[in-house]
Every structure is written in structure tokens, then in C-alpha cells.
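Hello,

Here is the structure I promised to pass on to you.

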Amino acid sequence: MAILEVQHIEKHFGATKVLEDISFSLEKGQALSIIGSSGSGKTTLMKLANGLLKPEEGWIEIDGSRPGLHTKSVVSYLPDQMYFADWMRVSDLLAMFSDFYRDFDRGKAGSMLRALDISEKERMKTLSKGSKEKVQLVLV
């Protein structure tokens with residue numbers, strides 16, 4: 001069974017067609033590189049796989065399921081821009097991810113943060129860009 005199945009995906013933003021009839025299958029153990037120019041739909045495809053966007057046509061399955069609760073335990077997504085409010089504390093993010101993801105291991109995340117010398121009490125706005133990225137990686 002494919003870990004990722006994409007069949008006839010189409011996505012539009014207004015009159016702009018971003019993805020048109022995209023199909024592929026990825027088996028467990030295989031790697032996939034998505035290469036393209038800016039605006040070619042790479043991020044859109046990732047957001048569709050995460051269930052953050054819905055396609056106009058076609059479907060995606062991850063580990064045999066459409067994007068939803070189960071697939072959140074299979075797929076991690078790290079966007080290139082921070083999407084957390086800067087007033088939030090690191091501990092707020094840990095609590096949010098604990099609520100959102102059934103398999104989120106708060107203890108492991110705390111251990112990783114300590115190893116990176118990042119306090120759970122820190123507000124995101126006080127962290128350097130690199131430390132913010134480390135927090136995002138820990139969450140993923």
C-alpha cells in the first residue's frame with residue numbers, strides 16, 4: 001500500500017490554476033523531491049497533503065486515509081514562515097500541540113527544548129530566528 005497517493009489533483013486560486021491533473025504514488029521507504037520554480041504549486045501540494053487546503057478535483061490519501069485526524073500522526077509540516085502568534089510562550093505551543101495531535105509527546109519535546117537550551121517560559125517574540133526555527137522543529 002502506498003504511504004502517499006495523489007490522484008488527479010487540481011487546485012485553483014481564483015482564476016489561477018496552480019495544480020492541474022497531478023497524480024503519483026509514493027511507497028513506504030521511498031523519497032520524493034518536489035522541484036519547481038516559485039509559484040509552481042510545491043507548497044500548495046504540501047498543504048493539500050496536510051489537509052490545510054482542499055482540492056477542487058481529485059483526492060489524496062496518506063497511509064490509506066484522506067487528510068484528517070489519522071494523517072496528522074503520519075505527516076509533519078514545517079512551513080517556511082512562522083504561523084504562531086509572537087505573544088505565545090513556548091509552553092503554550094506545547095499545550096496546543098498536545099491537544100491537537102494525539103501522539104504528541106510533550107515530555108520528549110520538553111527534553112529536546114532543554115537540550116537546545118530553550119526555556120518553555122520564553123515568549124516566541126523574545127527568541128532569535130534560529131531559536132524560533134528550533135521550536136518549530138521540536139513541535140514537528
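Predicted model: local features only at pLDDT ≥ 70, side-chain atom pairs only at ≥ 80, totals over all residues.

The buried residues of helix H1 pack against strands E1, E2 and E3.

Which residues of H1 are buried? They are Thr44, Leu45, Leu48 and Ala49. If you look down the axis of H1, these buried residues fall within an arc of 140 degrees, so they line one face of the helix.

As for its placement, H1 covers residues 42–49 and lies across E1, E2 and E3. Its direction makes an angle of about 60 degrees with E2. After H1 comes Gly51, which has a positive phi, near 80 degrees.

Now to the strands that H1 packs against. In what order do the three strands sit in the sheet? The order is E2-E1-E3, in an open sheet with antiparallel pairing. E2 (16–27) and E3 (57–62) are at the edges and have a single partner strand each, so one side of each has no neighbour in the sheet. On average, and ignoring direction, neighbouring strands here are turned by 15 degrees against each other.

E1 spans residues 2–13, and eight bridges join E1 to E2 in the antiparallel sense. To find the pairing by eye, look for Val6, whose bridge partner in E2 is Phe24.

Happy to go through any of this with you on screen.

Best wishes

Methods: Residues numbered from 1 in each chain as written. Heavy atoms only, no water. Pairing = 2+ DSSP bridges. Helix = DSSP H or I, 4+ residues; strand = E, 2+ residues; numbered from the N terminus. Axes fitted to C-alpha atoms, helices over the stretch in contact; angles between N-to-C directions. Contact = heavy atoms within 4.5 Å. Buried < 20%, exposed > 50% of the residue type's maximum accessible area, 1.4 Å probe, protein only. Arc of directions from axis to C-beta.
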